[in-house]
Amino acid sequence: MHHDPERGLALAYAPDDGRRAALSALLALDAALGDVVRSTTQPALGQIRLAWWREQLVKLDTAAPPAMPVLEALAADVLPRGVAGAALSAIVDGWDVLIEEEALDDAALERFADERGGQLFALAAAVLGGDGAVARRLGRGWALFDLARHQSDEAVAARADVLARAALAGSLGGVARSLGMLALSARLELAGVPQGGPKRAARLMWFGLAGR
């Protein structure tokens, strides 16, 4: 899991009635899949590893998880809230785009964004409440922003930033505070507002209080 104080703040705004644990499990899944992609040097092996994750997530619908913390947390905290393992497996498809596509053109970036971030935020909205369509749009922007920050190809990173700005534009109202906080953090970063500064802290605090 990423040791990001703003991500920790977003988690803190999730209700401590089991939904915070569910959101944490969803983010841990995304982080684990990201680690697979970032550590892959041979595409074929990377796709095999992602296929394993896809299979294990689907199996959660019919069998107990293997002794692996990420899968155990999903089975304990997410599935009981009505999210199917098959729906979780769709997030894998988003990460797989980064391995299977030779060139990350706009179509590939949009598919990655929707299947990774859009699906992740939509499932989180199913757990946390709020507008699922808005959550999906914000999730797409969040995923594109995150990709740009880990992308060595400057042209791809620049294009991902442009697409992220478009997806993150507009009101953050209507979504769960935790998801809005993640989207706002990405938006502030794109705007060049430095982490740890008073302007950024004040904006995050206001959103936490007012939800906008």
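Buried means under 20% relative accessible area and exposed means over 50%, with partly exposed in between (1.4 Å probe, protein chains only). This is a predicted model in which local features need pLDDT of at least 70 and side-chain atom pairs count only at pLDDT 80 or more, while totals for chains, interfaces and linings use all residues. Residues are numbered from 1 along each chain as its sequence is written, and side-chain values use heavy atoms, with hydrogens and water left out.

**Figure 1. Alanine 202 in helix α10.** Alanine 202 has a relative accessible area of 46%, so this residue is partly exposed. Its place is in helix α10, which spans residues 198-210; helices (H or I, at least four residues) and strands (E, at least two) are DSSP runs, numbered from the N terminus.

**Figure 2. Leucine 188 and its contacts.** Here we turn to helix α9 (residues 177-190), where leucine 188 is found. Leucine 188 counts as buried because its relative accessibility is 10%. Leaving aside residues up to four places away in sequence, leucine 188 touches Val193, Arg200, Arg203 and Leu204, where contact means heavy atoms within 4.5 Å. Serine 178 is ten residues from leucine 188 in sequence, and their C-alpha atoms are 15 Å apart in space.

**Figure 3. Lysine 59 in helix α3.** Lysine 59 sits in helix α3 (residues 43-59). With 39% relative accessibility, lysine 59 counts as partly exposed. From lysine 59 to alanine 191 the C-alpha distance is 41 Å, and the two are 132 residues apart in sequence.

**Figure 4. Aromatic pairs.** A pair of aromatic rings is described by the distance of the centres and the angle of the planes. Rings of Phe, Tyr and Trp (its six-membered ring) pair if their centres lie within 6.5 Å; planes under 30 degrees apart count as stacked, over 60 as edge-to-face and the rest as tilted. By this rule there are three aromatic pairs. In one of them, the ring centres of tryptophan 52 and tryptophan 53 are 5.4 Å apart and the planes stand at 90 degrees, so this pair is edge-to-face. Tryptophan 52 is partly exposed at 35% relative accessible area, whereas tryptophan 53 is buried at 6% relative accessibility. Phenylalanine 121 and tryptophan 142 form a tilted pair, with 5.3 Å from centre to centre and 40 degrees between the planes. This pair links distant parts of the chain, 21 residues apart: phenylalanine 121 belongs to helix α6 (residues 106-128) and tryptophan 142 to helix α7 (residues 132-149). Both phenylalanine 121 and tryptophan 142 are buried.

**Figure 5. The setting of the close-ups.** Stepping back, you can find ten helices and zero strands in the protein. The C-alpha atoms fill a box of roughly 45 × 45 × 30 Å along the principal axes. For 212 residues, a compact globule would have a radius of gyration near 17 Å, and the 16 Å of the protein agrees with this; the radius is taken over C-alpha atoms, and the globule rule is 2.2 Å times the number of residues to the power 0.38. Of the 212 residues, 46% count as buried. Among contacts with a separation of 6 or more, 62% come from residues 24 or more positions apart.
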